[in-house]
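Student: Please take a close look at one part of this structure for me. I would like to know about the place where the two chains meet.

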Amino acid sequence: MLGFLKEPVVVTAEINVNLVALTVMGLITRLWGLCYPRAVVFDEVYYGQFVSLYMKRIFFVDDSGPPFGHMLLALGGYLGGFDGNFLWNRIGAEYTMNVPVWSLRLLPALAGALCVPLAYQILVELHFSHCAALGAALLILLVLSYLKFYNLQRHRSFSGRWWFWLMLTGVACSCAVGVKYMGLFTYMLLLAIAGLHFWHMIGDQTLSNVSLLCHFLARGLALLLIPVVMYLSFFYVHLALLYCSGPHDQIMTSAFQASLEGGLARITQGQPLEVAYGSQITLRNVLGKPMQCWLHSHTNTYPIRYENGRGSSHQQQVTCYPFKDVNNWWIVKDPGMQQLVVSNPPRPVRHGHIVQLVHGITTRYLNTHDVAAPLSPHSQEVSCYIDYNISMPAQNLWRVEIVNRESDTDVWKTILSEVRFVHVNTSAVLKLSGASLPEWGYRQLEVVGEKLSKGYHQSMLWNVEEHRYGKSQEQKEREVELHSPTQMDISKNLSFMAKFTELQWKILTLKNEDTEHKYSSSALDWITMDTNIAYWLHPTSGAQIHLLGNVVTWASANAAALVYTCLSLWYLIRRRRRIYDIPEDSWQLWVSAGGVCGGGWVVNYLPFFLMEKTLFLYHYLPALTFQILLIPVVLQHLGDHLCRSVLLKSMFSALIVAWFSSVYFVYCTFSPVTYGQPALSMTELKDLRWKDSWNILIRKQ
Amino acid sequence: MPPRQREPRRGPGGPGRPGRPTAPPVAARPAALALVTLLSFASRFHRLPEPPHVCWDETHFGKMGSYYINRTFFFDVHPPLGKMLIGLAGYLSGYDGTFPFQKPGDRYEQHNYMGMRGFCAFLGSCLVPFAYLTVLELSKSLPAALLTAFILIFDTGCITLSQYILLDPILMFFLMGAVLSMVKCNSCADRPFSASWWFWLSLTGVNLAGAMGVKFVGLFVVLLVGLNTIYDLWDLLGNLSLSLVMFGKHLLARVLCLIVLPLALYTAMFAVHFAVLNKSGPGDGFFSSAFQSQLIGNNLHNVSIPEHLAYGSVITMKNLRMAGGYLHSHWHLYPEGIGARQQQVTAYLHKDLNNLWIIKKHDSDTDLSDPLSPVEFVRHGDIIRLEHKETSRNLHSHQHEAPLTRKHFQVTGYGINGTGDSNDFWRIEVVGRKTGKLIKVLRSQIRLIHVATGCILGSSGKTLPKWGWEQVEVTCTPYLKETPNSLWNFEDHINPKLPNISLDVLKPSFAEILLESHMVMIRGNSGLKPKDNEVTSKPWHWPINYQGLRFSGVNETDYRVYLLGNPVIWWLNLVTMGLYFLITVCTAVALKRGVQLTYELKELSGVVLRGGGQITLGWLLHYLPFFMMGRVLYFHHYFPAMLFSSMLTGITWDSLLKFCAGFLSPSTTARKVYGGVFLALVLLILYSFYLFHPLSYGMIGPMASDPSSPMAGLRWMDSWEF
């Protein structure tokens, strides 16, 4: 009785001692000197901004990934009582007293530290025993929980623990994807492994069809449905937290902006919804590239001859102007009537109606004709018509086509409707060409009539942003009216899904300027660690922090990957010829370990070769973590199966000890540039520059 | 034509099983093949001379064919085989290479263009019998093969693409040839090393070389054959009755036929290419000085220039990296926010007056062109100043970031009329020479070291954005590595005071030329980036036939041809893809669950999984990579993949109907259903072709948006522009 009770206790305690020791070591190495330096280090300048914005509830868009990671960081700040008042303007800026550096940095450090015991557990689950690791956390948690689940399932399907680990896998998946899109690749790997396991289950004749279906559904629920729901919920929280307008408003559509507090909403609140004949409107181009802009005209005319000798109509310029201006106002006019005010009741404009657009300040009509546009000669020039009494008649009728209409009789709505203006005479479409005009056009953006309209590109779509019903019949009164701000009150709430789709799309398509950074590197440099990133440099002394891998670890991880590949190929070919070098179960282990670790490395590394964005060394860390996991796998395999004699075995152990100590030695050598203290002298720094390509900062005396 | 009814025959499964459809009577096959071939040729050659003007890319490939006839050197991003064949066809048919092919719409007048078009149409017509035979081999079913053939015959896109002087029919000919011979070779697997086995294996190799030689897209079919071969070898390795020696023989045979033979042919192609094109032409500037010296008419051919560099000489400098450009500058400034706002200095691949620089002493600005002043040679280690001839600005560098390579320094043109500052001084060094030696034109490899910062002038090889006219970036690199990027040679050299000496430049070996031309092609290919705001075709548009390409004619009075797949066929292909996926999953799961299947069903699932799998792999390989390509894409890139998806359609429908027939025993009803559906499909294809044939054979009259046009009701998608 007593023995029965004792046994499991002893076993769990043993694991815990190992685990606890490792966790403590992980925590020590990660948390030591966390608050030092009290200054902005590298990308903190970037992510810190977002934390501040969270604290202030200001909306932002970041194309580096979904918001879950940002939110976790912000949580740290929130718990530490950060009020968001810090200017994150340059690396090396000293933190003021209100910034809770420790709590801000604690979360990433904890995640990093927890990687160590997690990696340990992975190997335990893979039935290996040695352990050594550093790197990123959630990915590992993800793999771990799936393996745990897989191992459990052999014994107790659908038990409580089975469900727990399966669900945890799903949750970890969504978290990994929610932090950075790189997590997607690991998620794919996991799905592939799960698919493979299920495929083997299909082949298992002892399982009934019904239980197979249950298994399938349970997996679908946990691995597909939960991640999707979680992912959506991140965005839900993100959008719920950030309800104030902020610096990235212009990227979003008018409808989205109107849903945020302040900003556009302040102007558009209470505008009339339906555009009617006589409405005064501003038209914003939907594309928003190269910048947001509004249809604009001013009294200046196109030059009679351009620099290249082509002629123009010499009529009033029509451009797209990136700033709010009174010249952005246009009046919708019914071609059949003279009046420029809204009748009572208003007559709304519907899809397919023909209108004239009158420029508010100059009262000229929007016009296009068969004259080449200034910068895009294959398209038509768009002008505000001036009658020069030559054979150039006014062609100012436009058909309103609502692209996102629900029925063909839809009313043109403020903000919500995306509209194409099709010229009635020439069937050209009003389009933003994206080029900016030379000096004579004040560098504003060119607007053209596109004759060969290809599909529905966003540059041809316009939406009404500001809108009011015109009341003044006289030009003078109207000018006053145009200058006065719009006032009225209705709010337009977008559904969560509409907001989510838009935000998600913007995150995916938003491209930062493709600039090369001083510390950016190519994916090929990472394997050999030919590059480093300087995170921080002390303002006066030589103390500095670098992102620099442990050379020995990296080299041995590479070696392990190489040995693994070669050995696998060798075994595979031999097995094909029915020669079995190792027992079947250790072969299975070898394959599954390689599938997880090697596969994890591949999916986290190779995609970078296809990416056209600026890459940094830290992008390699997830892949590296998996690669490092291969080291013990390979080592144990070598020790168990290739070192047959006792002498060999002891030599092997000695080698491992030597290897461990060299890892530790390198760690100690580089610890000054990892923790930023103590400051090193110039010669010491020069000695640390083991590779020519490392950019260690040395102050000129 | 209706599918043939087949004699039921008892399968080897023994009595009691329903009769299974087997191979049709022997006589039916040649007849069917002949019919398919005839129809194919008829559809491709119908109205071939129309329109009698240059259509779309004929302006490039026709021009290049003419270059071969005129033996003028040119540069193109594709390997030479396709254009050589076009040139050959033109030459044989009596075209003299004088038509300029300036722009689409130019009339051919008296020039004989039919030989070239006929050649392309001939190869395009061969696609149909090839696909027919491939499907027949894979599925052993005549209806499947016929369905595939009908799809390809009556697809307007395939017809249009085959009728003009383009590379695509040639590429697809070799591609389908490779697939056909691979499939044939697989079915000879039971008789290895027989004559027919060798024949098909080596034919595969020949076709692979052909496909690679036309466009680099041929690489995908090489991959397909490669994967197939690996699978094959893996199978053989697992066959324990085969000794290792035999396995070695198999391996060797494949290496010989599928690697050595294609490589040899591919190299031979380039040898012919360089042998034929021996006159200087528009492509010279893309190649190194050494290469250019071999072209008759190039200014470096039998060159006669002053040998040693002197102060006051007017020179051009060429970067030594593969496909490196000439040091270039022009009046435009670097835009605001990118380094200092000074004059741009770039590397430019074309010969241009703006490539000329004058060598001056760093400390004096005396007019060295005075014929009386003594000649002073430039020596290794001298400090010089390079003045741009057109703009009189000095080559200048300073510690600002270079525009693209941020770790390097910016290089600019600075100063007025040659007066600048100390950042204009460069030390000139010859690789492997000692101080004080003279510098030789063409032969000396030199580097320019910026005196003030110690960096080296180099070309990073990255293309500048629009503001830099898409020329290549020039930087000053602080890393003192010895790479061709930072080495230059002097190419032109004008100095009236020095005697001209005839120089024999080191002749490059063939291997060097081959490597160089590939580097240039790859550079060119990756340089084809879409311009800002340009609406380009996306790969996901293609299978749904979202948007076509205008081959000829814009206005109502023009003869208009529009490259667009027959929508009925393309959407049928798309639906079939989904169907195939479903069938595969069902069969695979059924097999894995160990469901007992009849012999016929088992064989059928074999066809679906093996044959269909091979074709699907081909489709994936020819389609998915386009998603990852950064270059400009066009609709016609999808056509190789479309061939595969058409073959898949044939196989899938045949198997699907047979599966259904298997459940619908007795056999008469089953056969009726089978025949009926087949007939319906074929009629559907024929009718849709009748509707859409003006797309390929030309439309005149009002546009489709006009209700009076015959095509008015057929504009099913707004994005079609006919």
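Tutor: We start with the contact between the chains, then turn to a few other features. Keep in mind that this is a predicted model.

Begin with who takes part. Chain B brings 30 residues to the contact. Chain A brings 33 residues. Together the two chains bury about 2,600 Å² between them. Of that area, 53% is on carbon and sulfur atoms.

Side chains of opposite charge can pair when their charged atoms come close. Between chain B and chain A, the count is one salt bridge. Its partners are B:Asp235 and A:Arg576, with N to O at 3.9 Å. The cut-off for a salt bridge is 4 Å, so this pair falls within it. Five residue pairs are in polar contact between chain B and chain A, counting pairs with both residues at pLDDT 80 or more.

Which elements of chain B supply at least two residues each to the side that touches chain A? They are α9 (218-238) and α13 (567-592). The largest share, five residues, comes from α9(B). By type, this side of chain B divides into 13 nonpolar, eight polar and nine charged residues.

Next, step back from the contact. Over all chains, the count comes to 25 salt bridges. One of them joins A:Glu465 and A:Lys324, whose closest N and O atoms are 3.2 Å apart. A:Glu465 sits in strand β12 (residues 462-469) of chain A, while A:Lys324 sits in the loop between β3 (316-321) and β4 (329-333) of that chain, so the pair ties together parts that are 141 residues apart in sequence.

Now for empty space. Rolling a probe the size of a water molecule over the atoms shows where it is left. The count comes to 11 cavities of 30 Å³ or more. The largest cavity holds about 120 Å³ of space. Its lining has 15 residues. Those nearest its centre are B:Phe74, B:Asp76, B:His273, B:Ser517 and B:Met521. Two helices of chain B give two or more residues each to this lining: α10 (244-276) and α12 (510-526). The lining residues divide into 10 nonpolar, three polar and two charged.

Last, check the backbone. Most residues other than glycine have a negative phi, and most peptide bonds are trans. In chain B, a cis peptide bond joins B:Glu50 and B:Pro51, with omega about -15°. B:Pro51 lies in the loop between α1 (28-45) and α2 (58-70) of chain B. In chain A, A:His314 has a positive phi, near 60°, and is not a glycine. A:His314 is in the loop between β2 (294-301) and β3 of chain A.

Conventions:
Residues are numbered from 1 along each chain as its sequence is written. Chains are lettered from A and ligands numbered from 1 in the order in which they are written. This is a predicted model: local features need pLDDT of at least 70, side-chain atom pairs count only at pLDDT 80 or more; totals for chains, interfaces and linings use all residues. Side-chain values use heavy atoms; hydrogens and water are left out. On a 1 Å grid over the protein atoms alone, a cavity is a set of points where a 1.4 Å probe fits but cannot get out, and a pocket is an open set with protein on both sides within 12 Å along at least five of seven lines; lining residues have an atom within 4 Å of a point. Grid points are joined across faces, edges and corners, and a volume is the space filled by probe spheres set on the points. Helices (H or I, at least four residues) and strands (E, at least two) are DSSP runs, numbered from the N terminus. Ala, Val, Leu, Ile, Met, Phe, Trp, Tyr, Cys and Pro count as nonpolar, Asp, Glu, Lys and Arg as charged, and the others, Gly among them, as polar. Contact means heavy atoms within 4.5 Å. Buried area is the accessible area (1.4 Å probe) that two parts lose on being put together, summed over both. A salt bridge is a side-chain nitrogen of Lys or Arg within 4 Å of a carboxyl oxygen of Asp or Glu. A polar contact is a pair of N or O atoms within 3.5 Å; within protein, one must be able to donate a hydrogen and the other to accept it, and residues adjacent in sequence count only if both atoms are side-chain atoms.
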